[in-house]
Amino acid sequence: MTADPSITSNGESEAKHSPSEPLLSVDGLSVQFQSLDGPIEAVSDIDIRINRGETLGLVGESGSGKSVTARSILRLLDSSASLDGRIHFDDTDLLALDEAELRPIRGNRISMIFQDAGAALNPVLTVGDQVSETIRMHQDIPGEGISGVERNALTSLLRPTDWPKRFEESWARTIELFDRVGIPEPDRRAFEYPHEYSGGMRQRAMIAMALSCRPELLIADEPTTALDVTIEAGILDLIEELQAEFGTAVLFITHDMGVINEVADRVVVMYAGRIVETGPTRELFEHPKHPYTEALLDSVPTLDGTESLDPLSGNVPDPQNRPSGCPFRDRCPEANAACDGRFPPAYGVHPEDEPATVSERGSTTVPEPRRDGSDHATRCVLYGDVDVLQHEPGLSGSSTAEPEGDK
Amino acid sequence: MYRYVLKRLAQYVPVLIGVSVIAFLLVHVLSGDPVRTMLGTGATEEQVEHVRTQLGLNAPLHVRYLSWLAGVLGGDFGRSIMSGESVSSLILTTLPRTLWLAFGAAVLSIGIGIPAGVVSAVHRYSKWDYGATLLAFGGISIPNFFLGIVLILLFAEHLAWLPSGGYVSPLADPVEGFRRLILPWIALGTALASIVMRMMRSSLLEVMNDQYIETATAKGLTRDLIRNKHAIANALIPTVTIVGLNVGYLLGGAIVIEEIFAIPGFGQLTLNAVLNRDFVVLQGVLLVTAFLFTSVNFIVDLVYAYLDPRITYE
């Protein structure tokens, strides 16, 4: 791809970024949906930070609120959702913007790719048209804006085939993008419809569409879940390559710990609408502190088969009757009386920290946070007040858990 | 594309042969004795027998069928046993009137139903939506003959704005032709317009929940563009199916409407053929009707394939 000034400027800004100024910061986000049985809180009190150029993995089971969180950022949820909290994107408060103000951000500075590219592409428009219209929408190419003809329902039904070609510059960029994302014969395939593409090609086209305006943030919502493993690897590589090239930050949503391990710099683990653990990928994988994270890691098969799989029993609690306190306690092997109280705050942890049962501490109240500045934090009562606990004999060797496992 | 059209046309042949057999059998097995109807109750056995032989009714069924079929293939549908007129010329005179009526009503119902459905879906639960929905339920519920009579009473008798019936070819005299067709079009098209409106509304609402609409929103497209370029084309696909299924209803409804508005069309030809047991006319009419239905389906399939690129001309 030709050297475009925007790439280098993005690349520089990535290099210059300061950790205190994240590209995206979500603070205390809660999303409620109105339903016939009253409001349902899909996600509660979500804090997320993404720095320029980094990849944040957002992991959790189905129903944990990953997609709702992602859609909140682009404000894609329908009108039955009410959002609370703050979502700041590069000094812009996304929750304060109206439709018209959001539009120049959507698809341009923040873009999104979806799990099922087959459903996410419009079946009656050519793939090239769908990519090039994004370029025409956001890039001020003279004479190639969205035309009145296109806005008119009657004429858009006529679907003149020379349309794309009339917008030479944006079409040329589309072809170039197709080539870049590895779609063979882009000149011909740009004129084809989504159903003529294979699953992997569709996702490549989605990536071309999402990256067509070199966004600062790409939200990837389970982009490889619907694909074969061999194709998955290619798509992951492509995302990483383009991310490096464009300096794009990625919010990568998946339920697959293996994929997270491959792509993410940092990980956020969600359970039942809550963040339960965050940390740098390597550290979180080697020293998971939340019993749920441990359980997720235990359910990933290893190649040599030395570790037996330890699948988690039970299901994510129904969002309408979430238990008070820690939502994981019904499935948690370590649950104790303190877990019934309020949902614990984030406790900063270090790799060597050991969990303790609250009963052993002789208290059933949720401990206060300590070490707020840590990169790695967990919201499990077992890690409250660890300093104190570990200095008392007999507690660190308790039978509760060995977070390091066999690693 | 051309191969597809040819292939579809080739499929007409077995369909029409089947229809011709059924039409022939139905007419001859079910209808009363045409000759007795013709001659009246005072006719003697001899007279009846004489006419039967004249009409070829004494030959075996298959011989009669084949000789009729041979005529049809040569463009000769026979002669009416009542008036003695050539059936093909009867059809050629009356059919254009009915086509004007039916297709005008179809265009009217699509032209009103689709925009109304779009407005209803876009302004869901607004006064426009409720108003259009109310009208649509009214339109579906009122029988077309009743609506026709009300329209005549109101616009022809009471207000005297429009003629109450009769037919003038819009090609010969456009103004008078359309003036006479307006009320029949409304009477015939209202129900279909209502169905199309409801279908377009629900199908557009459904499409707006599809994933690709979310993609379009996430791309930062304007609402207008999303609706007009991305949603409507998809929402039209199920609507076209409904229209196709109901064009047949229009052809059937035309019989009633022609009677009310005194349009000497294909419907009246059919009705009189049935009443007079004019089997020669009836056979021809049934065959042409089958041809019309097949053609409408064919056109709908072509539109369908145009709207939905996933359907190929194969």
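Predicted model: local features only at pLDDT ≥ 70, side-chain atom pairs only at ≥ 80, totals over all residues.
In chain A, strand β10 (residues 274-280) and strand β12 (residues 377-378) pair in the antiparallel sense, and two bridges join them. Within this pairing, Thr278(A) stands opposite Ala377(A), which belongs to β12(A).

- The strands β10 and β12 of chain A belong to an open sheet of eight strands, whose order is β6-β7-β8-β3-β9-β10-β12-β11 and whose pairing is mixed.
- At the edges of this sheet lie β6 (110-113) and β11 (347-348) of chain A, each of which pairs on one side only.
- Helix α11 (residues 199-211) of chain A packs on the sheet, where it touches both β6 and β7 (217-221) of chain A, and the direction of the helix makes about 170° with that of β6(A).

**The domains of chain B**

- Chain B is divided into domain 1, covering 2-87, and domain 2, covering 94-307, and the C-alpha centres of these two domains of chain B lie 33 Å apart.
- To the contact between them, domain 1 of chain B gives 23 residues, while domain 2 of chain B gives 15 residues.
- On the side of domain 1 of chain B that touches domain 2 of chain B, the elements giving two or more residues are α1 (2-30), α2 (34-39) and α4 (61-73) of chain B, and α1(B) gives the most, with ten residues.
- By residue type, that side of domain 1 of chain B divides into 14 nonpolar, seven polar and two charged residues.

Note on methods: Residues numbered from 1 in each chain as written. Chains lettered and ligands numbered in written order. Domains from an automatic or database assignment. Contact = placed C-beta atoms within 7 Å. Helix = DSSP H or I, 4+ residues; strand = E, 2+ residues; numbered from the N terminus. Nonpolar A, V, L, I, M, F, W, Y, C, P; charged D, E, K, R; others polar. Pairing = 2+ DSSP bridges. Axes fitted to C-alpha atoms, helices over the stretch in contact; angles between N-to-C directions.
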